[in-house]
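This briefing is meant for a reader who is meeting the structure for the first time. Please keep the sequence and the 3D view at hand while reading.

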Amino acid sequence: MSTAPQHLSKALIIGGGFSGMAAAIALRKRGVAVDLVEIDAGWRSYGAGISLGGATLRAFKELGILDPFLRIGYAADGVDLYTPTGHSLAQLPTPRLAGPDVPGGAGVMRPALAQLMATATRSAGVNVRLGCSFSHIQQDAAGVDVVFTDGTSGRYDVVIGADGLYSRVRSTFFPDAPQPGYSGQGVWRAVFPRPQELVRPAMWLGQKVKTGVSPVTQNEMYLFVTEDREQKIHIPAADQPQMLRDLLQHFPVALMQTVREQIGEHSQVIYRPLESLLIKQSWFNGRIVLIGDAVHATTPHLASGACIGIEDGLVLADELGRASDVMQGLQQFQARRYERCRMVVENSARLGEIEIAGGDKQEHAGIMRSSLMSLAEPI
């Protein structure tokens, strides 16, 4: 572990999701004392599976968690694209960014990845406090004083808001920031047994609905279905299994019909409206900075939302460590991250627009290719 720079001896992270944990681990590697507060007393992660590209695996390698990740997830090269009836359209390449012996993509159960990162966060020496958030924050030229909801207080050199799409840090200290916007699409997810012939992620592209499966363990895969939906609505849990079965009627290919037959009233189906957010003005207010979904939330069209949040943690720690003071580090962090994160948010949004409009599939494929090439670049 390195010795902390003089201008950065102690940091507070608000939010214990992927980006907050990545920042915590990376700062500890540089010798910075880190407090992490997470409002959920159970530190739970909701959701089914998650698809990760080579850039995320590269970030895991830098964090020191790649090997344990490969033991709990499922890594593979390439993504197969098909018509709804199973005609092969293409195979998207996934460059091996984490090393020649590490496949270029992976899938994992979201709660399993969260548990892995939580263990790494505690092992790094981060002071984790659950069921706790901030009640008052006051900063001056030399630091930030924080009073917590449990009545304790502390002083920090930097405060990192990693508290997600509906960030309280953002609403409190960035009142002019945009609000999350609904994309006009929703996504359904569920987990099923993995047939042995499914060795890499695959997608079936319908006219208005697309579906895909991704292996997440040796025995499991997760299903996603993306559909157009004009309004952001709540769908009762009891209605979700049958609605998902109805959507899969559009895909006569054998694997999708096998999955459809397995969906019943006891299936764990998750529906989520897709929203996004991009702050184009400053990502920091004095010594308070936003990372991850709090500042650039994306739809899942490029499977890169977790990736860019985790990368934020790495780059923030890097720039704070190399800068001469905190303010310079925050400026360098945003300068280094903005274009990459803008690309992911805006290109993902454009892919959704093309899907909703039934637009040019060549444009869709071109955006996918160029985005994946950009994500392969160093961070």
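The model is a predicted one, and every value given here was computed from it. The structure holds 24 salt bridges, whereas the number of disulfides is zero.

**Helix 2 and what follows it**

- Helix 2 spans residues 54–63, and because seven of its 10 residues are buried, this helix is largely enclosed by the rest of the structure.
- The buried residues of helix 2 are Gly54, Ala55, Thr56, Leu57, Ala59, Phe60 and Leu63.

**Salt bridges**

- Asp35 and Lys10 form a salt bridge in which the closest N and O atoms are 3.9 Å apart.
- Because Asp35 lies in strand 2 (residues 33–38) and Lys10 in strand 1 (residues 10–14), the pair ties together parts that are 25 residues apart in sequence.
- Asp35 counts as buried, with a relative accessibility of 9%, while Lys10, at 29% relative accessibility, counts as partly exposed.
- A further salt bridge joins Arg96 to Asp77, and here the closest N and O atoms are 2.5 Å apart.
- This pair links distant parts of the chain, 19 residues apart, since Arg96 lies in the loop between strand 6 (88–92) and strand 7 (105–109), and Asp77 lies in the loop between strand 4 (74–76) and strand 5 (79–82).
- Arg96 counts as partly exposed at 39% relative accessibility, and Asp77 likewise counts as partly exposed, at 29%.
- In helix 9 (residues 326–357), Glu339 and Arg342 are three residues apart, which is about one turn of the helix, and their side chains meet in a salt bridge with an N to O distance of 2.5 Å.
- Glu339 is partly exposed, with a relative accessible area of 47%.
- Salt bridges that share partners also join Arg30, Asp318, Glu319, Arg322 and Arg336 into one network.

**A buried arginine without a salt bridge**

- Arg287 is found in the loop between strand 18 (284–285) and strand 19 (288–290).
- Although Arg287 is buried, it has no salt bridge, and the nearest side chain of opposite charge, that of Asp157, is 4.6 Å away; the cut-off for a salt bridge is a nitrogen-to-oxygen distance within 4 Å.
- A polar atom of the Arg287 side chain does, however, lie 3.1 Å from the backbone oxygen of Ala141.
- Leaving aside neighbours within four places in sequence, the residues in contact with Arg287 include Gln139, Asp140, Ala142, Gly143, Val144, Val158, Val159, Val326, Met327 and Leu330.

**A buried leucine in a loop**

- Leu302 is placed in the loop between strand 20 (296–297) and helix 8 (305–322), and at 6% relative accessibility Leu302 counts as buried.
- Not counting residues up to four places away in sequence, Leu302 touches Val344, Asn347, Ser348, Leu351, Met368 and Ser371.
- Leu302 and Phe18 are 284 residues apart in sequence, while their C-alpha atoms are 17 Å apart in space.

- Cys307 is in no disulfide, and the nearest cysteine sulfur, which belongs to Cys341, is 9.0 Å away.
- Cys307 counts as buried at 3% relative accessibility, and Cys132 also counts as buried, at 3%.

Note on methods
Residues numbered from 1 in each chain as written. Predicted model: local features only at pLDDT ≥ 70, side-chain atom pairs only at ≥ 80, totals over all residues. Heavy atoms only, no water. Disulfide = S-S within 2.5 Å. Buried < 20%, exposed > 50% of the residue type's maximum accessible area, 1.4 Å probe, protein only. Helix = DSSP H or I, 4+ residues; strand = E, 2+ residues; numbered from the N terminus. Lys, Arg positive; Asp, Glu negative; His and termini not counted. Polar contact = N/O pair within 3.5 Å; in protein donor to acceptor, adjacent residues only side chain to side chain. Contact = heavy atoms within 4.5 Å.
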